[in-house]
Amino acid sequence: MKEATRIIRSTLTDPVPGQPLHPGPVFAAPFHVAGDPGATRYTYGRSHNPTWTALERAIGLLEVDREPAADVRCFASGMAAVAAVFGATLRAGDTVVLAAGMYFAARQLLEEVFVPTGVRIRTVPAAELTQPAAVAGVRLVWLETPSNPELEITQIAAVCRAAHQAGALVACDNTTSTPLGQRPLELGADLSVCSDSKAMSGGSDVVIGHVATRDAELLTRVDRQRTLVGGIAGPMEAWLLLRSLATLSLRLTQSSANALALARFLSEREEVSRVLYPGLKTHAGHEVAAAQMRYFGPVLSFTLRDQTAAETFLNAAELITQATSFGGVATTAERRARWGHDEIAPGFIRLSAGCEDAEDLLEDCRRALEAIA
Ligand code: PLP
């Protein structure tokens, strides 16, 4: 079965005459349980929920090339999923190694919550994560490729080989790509983490995340993090995500094609000093990306002269909604330096291509660039 068919089938439940094709979310705190709780699959809504089960099954299939599916736990947000991985793997005295350009909030979580408990952070350039010296003595290698916002590419399989030789675990934040775009578990990662608030859901209307693994012991530890910390996904969000997965293949095909068209167009414009998109042959990580990704994804970044030029561009564009985050069906962009989290130029724009017609987007960009004096 081809990918698009497999994904759509995975979101369906077994047909029951007279019942809807897509049964609604199950809202429950306690479930009816008499006697031995072990005899019932669902007891309390912080531990399990049938809507999660359906969603986790579908994502588990998405995370692998072929069955058996990976085990998945959905969480209240991408950050709750990230926190569960850190909580499940890191103890006092452990070292976690990170690439320098990783998503800022995951770094802040480590610095503000885990370092005070005795966890140590080692930061290296992403390209060095494949070096034995970078991973020696480390408990966890935290990977993010393409990274947000600079879209650096790291070779997942090579990092996993180096890390495993050193006895370290590898977790990959797969948010910018999604498990349809690239499959960290198939490339050797122990844990695949994703903020499903972005391209996985695509509607820009839910905050949710997940962790996937094939390791039973890691799964148990991640599951305990969810049940004990309580960072659980709401049934409505889980249901919305399950419903959205059926269109993931369509959305990612269109948004990746639009992102490439925009990246090529911007590369030829004199107002733009640098375009970062792994689908461009000029991107430093293009060959690795082409080998490990099946879609280059919706996110690209480019740099205009300065803050004023970037703001003028964003204000002049009519089809680019100014917003943070990425992966929605509508094209969005922001001047990333306005947050102050990353070491990037004041004119750096991160753009998330949506699913509109490419010609309209190119024309809008042309007009917006012309507004820059
Ligand atoms: N990881 C990456 C790479 C992200 O970009 C984000 C959010 O922007 C997250 C994790 C956190 O996800 P959430 O906002 O769903 O908590």
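Here are a few questions and answers about a predicted model, its sheet and its ligand. Local features need pLDDT of at least 70 and side-chain atom pairs 80 or more, while totals for chains, interfaces and linings use all residues. Residues are numbered from 1 along each chain as its sequence is written, and side-chain values use heavy atoms, leaving out hydrogens and water.

Q: Why do β4 and β5 count as paired strands?
A: Strands are DSSP runs of E with at least two residues, numbered from the N terminus, and two of them pair if DSSP finds at least two bridges between them. β4 (residues 140-144) and β5 (residues 169-173) have five bridges, in the parallel sense, so they pair. L140 stands opposite L169 in β5.

Q: What makes β1 and β3 edge strands?
A: In the open sheet the order is β1-β7-β6-β5-β4-β2-β3. β1 (71-75) and β3 (120-124) each pair on one side only.

Q: What makes up the shell around the ligand, by class?
A: There are three nonpolar, six polar and three charged residues. Asp, Glu, Lys and Arg count as charged, and E144, D173 and K198 are among the residues surrounding the ligand.

Notes:
Helices (H or I, at least four residues) and strands (E, at least two) are DSSP runs, numbered from the N terminus. A residue is near a molecule or strand if one of its heavy atoms lies within 4 Å of it.
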